[in-house]
Amino acid sequence: VAVAALLGACGAEKRADTADTQPAAVRAVPVASVAVTAQTRAVGVLAPRDEIRLAFKVGGVVDSVRVESGDIVRKGQVLAELKRAEVDAAVSQAAEGVEKARRDLERARQLRIDEVATEEQVQDLTTAYNVARSNVDAARFNARFARIEAPVDGIVFERMAEGGELVPPGQPVIVLGSTASGWVVRVGLADRDAVRVESGAPAQVTFDAFPGRAFEGRVTRIGAAANRVTGTFEVEIEVQPQGARFARGLVAKVALPLSPLPDVASSATVVPVTALVDADGQRATVYVLDREHNVARRKDVTLGPLLGEQVIVTVGLTAGEPVITDGAAWLTDGRSVRVVSDDGG
């Protein structure tokens, strides 16, 4: 048994030595030189450009709210109303005040003719009459805004009150988004990126709600001051729905082009990420194909930033060199190789 085991071990070692001397099957691609376009990425939330918070002019008890979140409404449509008893009573009271002031003024004028009343009394009653008329106008104005009408065509985003609730003046009852003003994504950028974004620049917007689909965007506004809490600058990107059903609150990922920095190269040498071996920070190793001897040559390189599935190499390679991708992890310097696919021809 011991002899058999020893013979088996010797056979395995011989097979391993044979495998090491066999050319390794690899795939090689040429090192590429690509134009470098600076860009930044940010995450924001989709919303209509114009978001209107609708409220009653006067406080009171809500009689009814006629819409639900998600409803499409038309300009002039009644959305909510207060109970009319109090506002109608205010209009009636103001109207009665006008009538009394009118009678008092007419009586004073007649007495003035009879020289019983003075001119000052007539003037005072004239002023009281004008004030009463203004009170009627104010009461009627308030009564008109005791109901909420849609100021534009739009979508109801939020219903914030129910029938029977007591609401103070100006408290939002309905949040309405204008469908005519378009959709925007607002993102926050650091100062180093905000100063390099240009108004009108194109942008690419993607949503998790619409996987595999990119939407065209355009920068429409760049904040002139940083947010006091986050320290970022708000950038607004207009997005075209392109037939998609947009909804307020969709999370968007935005890619924005940046103006180039001075003294920064406009092109870069790149290799596929799969070509890297023993990467550590900005240091890594690649294997280059020596076509003359059909062997792999080890090279140490310095890395730059990632560009998708490729990585920039700042030092160590030149454009056109055949770098090994598939099979690189199992190579050693000088190992014989057999190229099964060479994209460099």
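Tutor: Two strands count as paired if DSSP finds at least two bridges between them, where strands (E, at least two residues) and helices (H or I, at least four) are DSSP runs numbered from the N terminus. This is a predicted model, in which local features need pLDDT of at least 70 and side-chain atom pairs count only at pLDDT 80 or more, while totals for chains, interfaces and linings use all residues. Residues are numbered from 1 along each chain as its sequence is written, and side-chain values use heavy atoms, leaving out hydrogens and water.

Student: Which residue in β7 is the bridge partner of V62?

Tutor: Strand β5 (residues 60-65) and strand β7 (residues 78-82) run antiparallel and are joined by three bridges. In the bridge that involves V62, the partner in β7 is L82.

Student: Which strands stand at the edges of the open sheet?

Tutor: The open sheet has four strands in the order β8-β7-β5-β10, with antiparallel pairing. Two of these strands have a single partner each, so one side of each is left without a neighbour in the sheet, and they are β8 (147-149) and β10 (166-167).
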